[in-house]
Amino acid sequence: MEDASARLVAHALAVDWHALPRATQLRTLEFLGDTLAVGVAGRSAAFADAVLASASLWAGGSQPGGSFVLGAPGIRLAAPYAAYVNAYQIHAQEFDCVHEPAVAHPMATVLAAIMAEAARSDDCAGTDFLSALVAGVDVVATLGMAVRSPLKFFRPATAGIFGCVAALARLRRLDPQTARNAFGYALAYASGTMQAHVEGKPTLALQVAGAARSAVEAVDLAVAGLPGPQGSIDGPFGYLALFEDDTDIETELARLGQGWRIDELSWKPFPTGRAAHGAIVALRSMIEEHGVSINSLERFEYHAPPLISRLVGRPARSDMSVAYARLCFPWLGALLLRDGAITLEAFTDANIGDPQLLDIAARIRVHVNDNGDQAAFAPATGVAVLRDGRAIRVHVESQYGTPQWPLDEAAQMAKWQACLAFGGLAGREDALRSLVGDLDTLGDVAGALAGILAS
């Protein structure tokens with residue numbers, strides 16, 4: 001039997017947009033629009049200017065004919081560096097879609113990489129672009145779903161680079177051997193530490209950025225004729241052995257082609273760590289339906305699988321960074337209690353250091369329930385204990401934004417509108433919607449995207 005890299009490459013190269021179910025095509029277009037809007041919002045994210053300045057330095061400045069940067073009119077960078085900046089912007093505000101079972105954000109890396117590649121020519125067809133997107137998401141999710149042990153490295157980056165390479169191979173219509181060589185260089189470049197998550201540093205989004213950049217470079221090296229390691233996935237020192245512990249890749253490889261992982265993505269209705277979303281919705285329902293308020297709340301507890309506590313159960317601190325705050329449910333819950341919403345505009349230094357919010361956050365805790373699934377986001381239970389002695393419970397079977405509980409069209413458009421406005425492109429949501437809806441009919445995807453989102 002062929003090894004894992006050969007099977008993943010064969011699957012990716014065979015993806016055909018026209019052969020996909022219409023429901024899968026529509027879901028792909030929805031998440032494409034969502035990710036583009038989030039990437040534009042990322043132009044105003046913390047450190048986005050510094051990231052763009054650094055990438056421009058590395059690229060030797062803006063270059064006519066280079067790849068575009070979302071929300072940055074007039075900036076054109078060499079493809080690896082445009083991929084770097086766009087991936088950072090997509091993930092920097094924790095607003096990009098997620099594949100919950102894989103614990104990965106496949107669109108951030110994959111879309112950034114293929115946008116950069118598409119801009120290298122003026123004849124990238126929409127059908128090839130979309131096929132590549134679907135192929136890349138399949139590979140990221142397959143690698144994540146193959147893991148049975150707790151999250152060890154930052155999978156959006158470590159698995160993300162392989163999804164990018166698969167997508168680029170499909171977009172460029174590489175032969176299987178060249179694509180496998182590129183997988184070998186993806187292994188050489190793969191990285192991503194969870195220490196950045198623990199400390200709440202912008203390094204998280206930079207690891208996503210690095211994966212997108214390095215994938216472009218890996219494919220270029222393979223196309224130039226450099227041979228790469230062949231056992232990049234399941235070899236004795238391949239991806240699974242180095243970055244994960246308990247895995248079952250064979251089960252997930254056998255599922256390739258039986259469904260499409262892009263159908264399994266979840267939207268993010270809030271610009272926060274996905275693991276906080278169930279608790280946010282539970283607390284919001286208590287505020288709206290039971291009148292829970294700052295003054296009436298004694299404490300709020302969220303009893304959830306271990307992943308939730310690990311990812312967003314951290315205590316609030318007066319010196320925390322924006323990235324830390326986005327991954328801190330006690331502070332997010334306090335913000336929700338005070339303002340009734342969690343918006344892109346809320347993550348300011350003034351709010352993060354607000355003594356009132358920190359005081360409220362001290363009443364909010366995340367506890368681990370008896371669910372042994374290390375990748376589960378639900379089921380969970382929110383419990384509000386009020387000062388009058390009452391206790392209110394809300395059970396969370398799945399998080400808002402999952403395929404079982406998706407954002408409706410109105411909510412999707414409201415998110416696009418908010419993101420584009422935050423990134424300085426207010427009023428372009430209708431143009432984006434029209435473009436995304438027609439993307440599979442276009443012959444110059446990059447030119448069309450840049451015309452709306454980078455001009």
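Student: Where is Glu217 placed?
Tutor: Glu217 lies in helix H11, residues 203-223; helices (H or I, at least four residues) are DSSP runs, numbered from the N terminus. This is a predicted model, where local features need pLDDT of at least 70, side-chain atom pairs count only at pLDDT 80 or more, and totals for chains, interfaces and linings use all residues. Residues are numbered from 1 along each chain as its sequence is written, and side-chain values use heavy atoms, with hydrogens and water left out.
Student: What is Glu217 in contact with, leaving aside neighbours within four places in sequence?
Tutor: Pro80, Tyr81 and Tyr189, where contact means heavy atoms within 4.5 Å.
Student: New topic. How many aromatic pairs are there?
Tutor: The count is 11 aromatic pairs. Rings of Phe, Tyr and Trp (its six-membered ring) pair if their centres lie within 6.5 Å; planes under 30 degrees apart are stacked, over 60 edge-to-face and the rest tilted. Trp58 and Tyr84 form an edge-to-face pair, 5.4 Å centre to centre with 80° between the planes.
Student: Which helices hold Trp58 and Tyr84?
Tutor: Trp58 is in helix H3 (residues 48-59) and Tyr84 in helix H4 (residues 79-91), 26 residues apart.
Student: Is Tyr84 buried or exposed?
Tutor: Tyr84 is buried, at 8% relative accessible area, while Trp58 is partly exposed at 44%. Buried means under 20%, exposed over 50%, partly exposed in between (1.4 Å probe, protein chains only).
Student: Which residues form an aromatic cluster?
Tutor: Phe153, Phe162, Phe183, Tyr239 and Phe243 form one.

Key:
Helix = DSSP H or I, 4+ residues; strand = E, 2+ residues; numbered from the N terminus.
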